[in-house]
Amino acid sequence: MNQSSSPQNARSMLTVAEARELIFGQIVPVQGWEQVAVRDALDRILAEDVVAPFNVPAHDNSAMDGYAVRAEDLSPDDETRLKVVGTAFAGKPFSGMAGPAQAIRIMTGATIPRGADTIVPQEETRQDGDGVIIPADQRKGQHLRRAGEDLALGGVAIAAGRRCGPAELGLIASLGIAEVAVRRRLRVAFFSTGDEIASIGRPLAPGQVYDSNRYTLFGALRRLDCEVIDMGVIKDEPTSLERAFRDAAATADVILTSGGVSVGEADFIRELVNRLGHVEFWKLAIKPGRPMAFGRIGNAWMFGLPGNPVAVLVTFYQFVRDALLHLGGLTPLPTPILVPAICTDAIRKRPGRREFLRGRLEFDGESRRVSLTGAQGSGILKSMSDANCFVVLTEESGNIEPGQQVLVQPFDGLI
């Protein structure tokens with residue numbers, strides 16, 4: 001699709017919420033899946049429901065160590081003495097049954113013996129020779145786990161669209177399932193742009209800087225279990241950039257670039273994407289990261305990230321990460337998690353845009369406190385390395401005084 005102008009030319013910069021709504025209103029999950037072993041499903045997104053092939057638990061069992069008894073034998077007002085006639089272990093059921101005035105010693109997870117309908121916890125009882133003393137006020141059916149209570153035969157254990165973490169792997173294994181269907185990995189092509197960018201391992205020429213953005217993006221993409229296509233550094237030259245875009249669009253689901261999306265004379269990204277496909281927006285009311293492009297070339301979605309290292313990470317985690325998860329089939333859509341904290345620093349800010357500062361979140365007794373990680377320039381990558389959260393100042397926010405409450409977005413679970 002060729003369009004010569006962006007629809008954003010006629011409107012102001014988008015807010016974070018507007019940009020996310022626009023992105024998620026257009027992208028749809030990719031097609032394709034594969035069957036993998038359970039261990040290989042870690043961090044993969046399920047393509048089909050995981051269905052229980054049997055009841056979980058498979059049989060009525062005890063939720064406590066104690067005694068399996070018949071409720072009808074117990075006095076509601078006084079202690080009851082029952083004769084202990086055997087023991088039921090997990091994986092080794094009691095072969096007999098509970099008769100009148102009898103109790104069976106039972107371990108957690110053991111099958112409920114025939115005839116018994118109530119479990120009395122061990123700590124509530126006391127031994128009396130070959131018998132056990134049961135106190136009054138026991139409820140019929142207490143401390144029993146019924147067959148299918150957790151999951152009935154044919155029930156959905158994990159719905160399609162869920163990402164498999166350690167707990168999901170264990171749940172799948174507990175059902176005896178050896179393989180699951182997962183969505184195919186996203187193919188993401190990425191490259192840096194700029195004549196000033198040098199690859200690591202080579203001496204810097206005058207005016208050059210080493211390419212850090214490809215390495216931060218590589219790490220971020222690997223954390224999402226994407227199939228990464230590293231296209232290196234592309235010079236600020238229209239023919240080279242066009243060739244790179246065409247090659248990337250022919251093989252990838254998503255194209256990520258860093259640099260080249262502002263309004264400088266050598267910034268060709270937006271113009272090229274508009275000629276090869278379509279740019280939906282390219283300016284955001286945020287700091288850092290105002291020049292960010294989103295669009296499409298052929299069948300590939302394109303995110304043109306800023307060139308400054310911190311701006312790359314901010315825009316990746318506020319927009320690209322969740323978009324990649326959704327393209328990979330994750331449902332429901334991720335929602336950014338923001339929690340309140342007391343800011344220990346004074347911060348200068350004008351209302352009108354959303355700012356993402358790098359902070360260190362700590363717990364002070366029962367309250368959360370956050371402090372900035374030094375200088376906050378968009379080229380200071382150390383401010384990200386030292387941080388464990390974003391301090392998020394909303395569009396409406398003005399100056400922040402020490403002791404004032406702010407919102408923070410923890411990195412845990414994000415990065």
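Helices here (H or I, at least four residues) and strands (E, at least two) are DSSP runs, numbered from the N terminus. An axis is a line fitted to C-alpha atoms, for helices over the stretch in contact, and angles run from 0 to 180 degrees between N-to-C directions.

A quick word on the model: it is predicted, so local features need pLDDT of at least 70 and side-chain atom pairs count only at pLDDT 80 or more, while totals for chains, interfaces and linings use all residues. Residues are numbered from 1 along each chain as its sequence is written, and side-chain values use heavy atoms, with hydrogens and water left out.

Now the helix pair. The axes of α4 and α5 come within 10 Å and cross at roughly 50°.

| Helix | Residues in the contact |
|---|---|
| α4 (residues 238–251) | Pro238, Leu241, Glu242, Phe245 and Arg246 |
| α5 (residues 269–276) | Ile269, Leu272, Val273, Arg275 and Leu276 |

On the α5 side, Ile269, Leu272, Val273, Asn274 and Leu276 are buried (under 20% relative accessible area, 1.4 Å probe, protein chains only). Their cover includes α4, along with strands such as β13 (187–193), β17 (254–258) and β18.

Strand β18 (residues 278–283) is also where you'll find His278. With 10% relative accessibility, His278 counts as buried. Its side chain makes a polar contact of 3.0 Å with the side chain of Glu280; a polar contact is a pair of N or O atoms within 3.5 Å, and within protein one must be able to donate a hydrogen and the other to accept it, with residues adjacent in sequence counting only if both atoms are side-chain atoms.

Note on methods:
Contact means heavy atoms within 4.5 Å. Buried means under 20% relative accessible area, exposed over 50%, partly exposed in between (1.4 Å probe, protein chains only).
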